[in-house]
Amino acid sequence: MAIRVVKVAAGIHWVEIPEADLRILCGCPADSVKHLMKRGLIIATEEAGTVFETGPNAILLSDVSLQNGEFSNLAEFPILQMLYRQGMILPGHPNNSGVKPLLIGLTEQIASQLDYIYRGNYGLVSQTELEDAGVSPAQAQEWMRVKLRFAFGEIRTSENLVDSCPVGDGAQLIRNGVSIRRLDLNIYEISHGEESVLVNLNLNPSEVYAPPYPLNYHNLRREYFAIVHSGEGDGWDANRPTMSSVLMFQGKIYLVDAGPNLQTVLKALGIGINEIEGIFHTHSHDDHFCGLTTLIRTDRRIRYFATPPVRVAVTKKLAALMSISERDFEHYFDICDLHLDCWNDVEGLQVRPVYSPHPVETTLFTFRAQTEGGDRSYAHFADIVSFGVLAQMTTTDPAASGIAPEAAEKVRRDYLVPADLKKIDVGGGLIHGTADDFENDSSRKIILAHTAADLTNAQRRIGSGAPFGTVDVLIPSARDYTLRKAHSYLTAYFPDVAQHELEMLLNRPIIDINAETILLREGEKCEFVTMPLTGLMEVINAENDSRYILPAGTLIGETASLYDMPAAKTYRAASFVKAIAWPAELYRAFIAKNDQMDMARSTSAMRSIFARSWLFGENLSIPVMNALARASSSLVPDSGSELSQGADSLYFVYRGRLEWQVGEKALEVIEPGGFFGEDMVLFGSTAVGRVLVRGACELFTVSGALLREIPIVRWKLFETHQRRMRQLLAPGGDGLAFPWSSDYAVGIREVDDHHRRMFDMANAVMAAIDRNDLASAGAGLCSLIDFTSFHFGEEIKLLASVGYPDAKDHHRIHKKHGDELMAIKKTIESGDLKNAPLNRADFRLFFRSFVVDHVFKQDKQFGRFIYDKKNLVV
């Protein structure tokens, strides 16, 4: 065969066409490079005395940014491997032929990746951005000098480093006679000559991106102050997780950085996502960053600790990857900014961040806690620069790139401050540290990390290793913190029960459940009601051959116990678990004595309904599920009626079905477990079209205010909104690319007239593109841009006249869009039609980004405001 295909791992394929010198990494989730190494698809080779790696020279991106909660497209490390470890960018390198790495995929995914790679290379890219992040002008100027030194004097766009191959309608030539055609969502056909292969990048509903290494289970005691070593490798170590730590303080769990495969790491350590109190973040490189989506998939906002420059750099990169606004970051994390060079108090735990020279904004952390005889401290130093490189960067010329002598000396002093336990980056090279610099460090214990290489004898004399899951206890605990968790869960579950009654339930031993042990089997009589306090349990449902994870705080066997019936599902420990258990008879007696039977049965029934759904069936604790149950009301609408969308609620289908219509077209049938109303919950605006009741139907209305406070639910609502927006943009039966519907109206005659005209103009541009009349398409796009700018101005006048409270934010969005639109217009007027959005895929993305999203989010919000005030006749 001329085309070689290898399924590397779930969601990752390798397609190689030797005759065309093309090697395509199809799918690039976290650690895809490590998977290629493990499969022998990246190996060391030598040419003309130069040792370098083989590997891919192109990447096929997933059509969607996220699959099953994890990033699908993380091209940063694969691109770095091509540029530096393969030598494609290195001057004089035998593998530098002038050909750039190639990104293949949908236009919007390529654009997202280019922006994400840009932020991954540089973080904040100007003195202005640094100052906007709270850095003083003098400090911002100094940091930009350092940044430019790492960037070899110039901040370059990703387009200077990477070529793109957008895939639209029909076959697209990739390179050297190889073509690609998109057949369906994430399904592609790659052809060369007479041969072709199919590549499917979709994950099954229960499938996840697998780590390249196995991890053993660990049974961790929650300590007063301890460090669990959760990763000592780097972004190229195929056998270990990347450098990170789990910090325990007073029984609470904090993370230091969030690298790839975070969910697997936490599961092996017996830590549920809902147990995590917060994350301390050093910087935005993927090997410390790409686990953040795991932390979003929880039922509360996890606290995010970082200095403002690091937070802003991370926010910009995450926004590029997730296609969200930078302002949305605070919807998913509880932001806790730290002050640089100061001791910050975090409920008794003190943390001091210091600056470390690196291509992106980076801080090192030292933590300390008080005990008898003084403090105990832990220093987490990732990523650092070697003293040799620091000396080369030092310059007295304030106009040159580099670092001032006094600033370099402060860096050296900060690195060598002693600690009881210090973990350091010894990755070497231009942007990492060396062990030799710490040979005379007076810290009690040094851990060497952030390297894929075996430690040398010289390094072994300086520092220790820390295999995955090992623990350094700095202050041991004299109490069992799992009892505190039990008390917290029970209080939340039974808020009306007196504390002395709960003490009866708490007067039970804490039990250990080994990983992979079946606790309760389907069909068995339930002898105990069990509440996991740490770790994870999985539920296996034989009815639909599915399984899902239950967080700590869940009551296992409660329903079977209350109704004295066999267990309906099988419950199995997915990690080591600490739990508290009550005989079923004792639990029923407690429920009856405290008049909780009706409440327990009703909330248990509602939890069972919600748990079977995609929206609510993941990582929601019992207290949150109970809150959802209490905030839900039953609704039985008449068949054929139209649902009202005015209330701040979500419609959840329990029985029957709904139909979403736009105009006369049915876009979606919503079955049991489905929902509608995400636009109102997320944006305060009604959805486009109408929702009709089909047949006998029972719904639950769920409070939007509650849903907005649950990060995982909020994100799933946003995913659904994006999917339904794509359905809206599907071409109409009349052949129009962007069919207008009266359902799109915001209720203000002048504004709606403008929007209708913009749709008409967009259809004219698309028709010209289809005729391959780029001159007319370019002229039409310029006219559309001019009219859109005029429309923006008229809207601002209207908002000012009615006193719209969010007018300032609306104006800011208009200003940003206006600047981007004018840049596109200048490109067209210069005659550079090749770089304008003048193909079907690019123009569809353009119109969605600048017009449709704006109409259906911001404009519908102020339309409702104006209608309510009755300031205009509509």
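How exposed is glutamine 250, in relative accessible area? Glutamine 250 is partly exposed, at 25%. With a 1.4 Å probe and protein chains only, buried means under 20% relative accessible area, exposed over 50%, and partly exposed in between. This is a predicted model, in which local features need pLDDT of at least 70, side-chain atom pairs count only at pLDDT 80 or more, and totals for chains, interfaces and linings use all residues. Residues are numbered from 1 along each chain as its sequence is written, and side-chain values use heavy atoms, with hydrogens and water left out.

Glutamine 250 sits in the loop between β16 (244–249) and β17 (252–256). Its phi is positive, about 50°, although the residue is not a glycine. Helices (H or I, at least four residues) and strands (E, at least two) are DSSP runs, numbered from the N terminus.

Histidine 450 also has a positive phi, near 60°, and is a residue other than glycine. Its loop runs between β26 (445–449) and α13 (457–462). Histidine 450 counts as buried, at 3% relative accessibility. A cis peptide bond leads from alanine 382 to aspartate 383, with omega near 0°. Aspartate 383 lies in the loop between β24 (374–381) and α11.

Now the sheet. Six strands form an open, mixed sheet in the order β1-β2-β3-β6-β9-β10. Two strands pair if DSSP finds at least two bridges between them. The edges are β1 (4–9) and β10 (163–166), each pairing on one side only. Neighbouring strands are turned by 20° against each other on average, direction ignored. Axes are lines fitted to C-alpha atoms, for helices over the stretch in contact, and angles run from 0 to 180 degrees between N-to-C directions.

Strands β2 (residues 12–17) and β3 (residues 22–26) run antiparallel, joined by five bridges. Glutamate 16 has arginine 23 of β3 as its bridge partner. Helix α2 (residues 76–85) packs on the sheet and touches β3, β6 (58–60) and β9 (102–105). Contact means heavy atoms within 4.5 Å. The direction of α2 makes about 165° with that of β6. Helix α3 (residues 107–122) lies across β9 and β10, at about 145° to β9.

Helix α2 also gives seven residues to the lining of the second largest pocket, the largest share. That lining divides into 21 nonpolar, 11 polar and nine charged residues. Ala, Val, Leu, Ile, Met, Phe, Trp, Tyr, Cys and Pro count as nonpolar, Asp, Glu, Lys and Arg as charged, and the others, Gly among them, as polar. Lining residues have an atom within 4 Å of a point of the pocket, an open set on a 1 Å grid over the protein atoms alone, where a 1.4 Å probe fits, with protein on both sides within 12 Å along at least five of seven lines.
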